[in-house]
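Student: I would like to go through the helix and strand descriptions and ask what each term rests on.
Tutor: Then take the terms one at a time.

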Amino acid sequence: MYLAYHEETKDEAQHRIWTFYEAINIKSATLNSLTFARQVSETFGAKLCLLVIGNNAQSIAASLQPYGADTIYLVEDKNLEKCTAEKTWGHVITEVAKQCDAVFVGMNSGTTGRNLMPRVAGKLRAGMVTDVIGMEGRDYIREMWAGNVLATLEVKTPITVGTIQGTAFSKVEPIGTESPIKQLEISVPETKTRFIEIRETVSDRPDPTEACVVVSGGRGMKGPENFKLIEDLTDPFGGAVGASRAAVDAGWISNDFQVGQTGKMVAPDLYIAAGISGAIQHLAGMKNSKVIVAINKDEEAPIFQIADYGLVADLFKAVPEMIETLEKEAL
Ligand SMILES: Cc1cc2nc3c(=O)[nH]c(=O)nc-3n(C[C@H](O)[C@H](O)[C@H](O)COP(=O)(O)OP(=O)(O)OC[C@H]3O[C@@H](n4cnc5c(N)ncnc54)[C@H](O)[C@@H]3O)c2cc1C
């Protein structure tokens with residue numbers, strides 16, 4: 001939280017435009033956090049504006065047109081193609097927020113948002129709320145201690161900067177009209193930071209944050225070779241593989257797949273947890289899944305408390321049977 005306090009009240013700020021910033025890749029979490037964006041603009045009686053930054057990003061801006069924003073601002077420059085938080089994207093967001101007289105500047109709480117938005121808050125001398133899951137009046141709600149406590153945050157600065165926990169919201173619905181796109185010229189300063197490369201894991205399967213089905217394995221998998229079972233259960237659904245931190249820390253699977261408080265936040269239609277006990281830090285990353293299936297040989301395992309379907313069984317017997325059934329169904 002930035003400590004600068006401005007004397008202006010929130011009522012005086014009511015007429016201001018609400019700006020919502022999103023990255024150039026539109027992911028499902030982006031559309032989820034737009035649901036929150038609408039909620040904030042209604043709460044403050046403010047306009048909903050989106051900002052798209054990039055190079056040749058016209059098509060990204062166009063893809064956001066059906067979702068009810070009053071205006072979509074587009075800032076393009078060859079130096080904005082990749083995100084560097086310090087001066088380029090951070091600078092652009094700050095300048096647009098000032099020009100629009102924003103009351104709230106928000107972004108999905110992914111790795112980019114977590115890097116970028118604190119810098120934006122610093123530049124704007126704004127109070128910051130992180131991992132927001134909802135609003136109560138004009139206050140913001142976030143989870144603490146892996147979801148065991150709900151905090152209600154009042155922000156006293158005229159502008160609030162926030163990161164939004166997309167998994168807490170459903171996807172925004174199109175409203176049937178197209179938002180106008182407005183190109184803005186913002187000069188991009190020279191920086192000492194240069195984007196060199198991003199090394200992403202290449203996989204035929206979707207990312208766990210994007211998939212409709214995620215199948216995760218934990219310490220109960222006993223070793224890396226057994227993650228083949230998780231893959232075989234995932235593939236008939238066209239889903240993603242996930243893992244608990246215990247499996248990641250054991251070196252059985254890359255940390256790109258870790259689900260939980262310090263991993264990825266997922267909310268698929270179906271989440272299957274095999275050999276995962278259900279520690280609060282794991283639940284923090286998947287408890288918003290629509291249907292949760294747990295396979296564990298210990299009937300006291302905490303994962304069963306949040307599972308919609310629980311199978312007390314040895315996963316080395318149950319999972320091959322499930323794969324066999326799915327393969328028969330597919331024939
Ligand atoms: C600050 C912090 C952050 C953390 N962040 C995360 C995070 O992001 N994600 C995360 O996952 N964890 C996280 N953790 C770790 C978390 O506390 C747990 O240690 C971890 O989730 C346990 O993983 P697990 O369930 O795979 O292992 P365990 O807790 O050891 O559970 C293994 C389960 O497998 C079952 N099992 C064993 N054999 C079989 C079998 N043959 N058939 C069926 N079931 C079987 C057992 O009954 C047991 O329930 C974090 C911890 C801390 C302190």
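Student: What makes the crossing of α3 and α4 right-handed?
Tutor: A crossing is right-handed if the near helix is turned clockwise from the far one by less than a right angle, and left-handed if anticlockwise. The crossing of α3 and α4 falls under right-handed. This is a predicted model, in which local features need pLDDT of at least 70 and side-chain atom pairs count only at pLDDT 80 or more, while totals for chains, interfaces and linings use all residues. Residues are numbered from 1 along each chain as its sequence is written.

Student: Which residues of α3 and α4 meet?
Tutor: Trp89, Gly90, Ile93, Thr94 and Ala97 of α3 meet Leu116, Arg119, Val120, Lys123 and Leu124 of α4. Contact requires C-beta atoms, placed from the backbone, to lie within 7 Å. By class, this contact has six nonpolar, two polar and two charged residues. Ala, Val, Leu, Ile, Met, Phe, Trp, Tyr, Cys and Pro count as nonpolar, Asp, Glu, Lys and Arg as charged, and the others, Gly among them, as polar.

Student: Why are α5 and α9 described as roughly parallel to each other?
Tutor: Their axes come within 9 Å and cross at roughly 30°. On the angle scale already given, α5 and α9 are therefore roughly parallel to each other. Their crossing is left-handed. Leu229, Asp232 and Leu233 of α5 make the contact with Val319, Pro320, Met322 and Ile323 of α9. These residues divide into six nonpolar, no polar and one charged.

Student: Which strands do α5 and α9 lie across?
Tutor: Helix α5 (residues 227–234) lies across β10, β11 and β12, at about 165° to β10. Helix α9 lies across β12, β13 and β14, at about 135° to β13.

Student: What makes β11 and β14 edge strands?
Tutor: The open sheet has five strands in the order β11-β10-β12-β13-β14, with parallel pairing. Both β11 (240–243) and β14 (309–312) pair on one side only. The twist from one strand to the next averages 15°.

Student: How do you know that β10 and β12 pair?
Tutor: Two strands pair if DSSP finds at least two bridges between them. Strands β10 (residues 213–217) and β12 (residues 270–274) have five bridges, in the parallel sense.

Key:
Helix = DSSP H or I, 4+ residues; strand = E, 2+ residues; numbered from the N terminus. Contact = placed C-beta atoms within 7 Å. Axes fitted to C-alpha atoms, helices over the stretch in contact; angles between N-to-C directions. Parallel < 35°, antiparallel > 145°, perpendicular 65-115°, else oblique.
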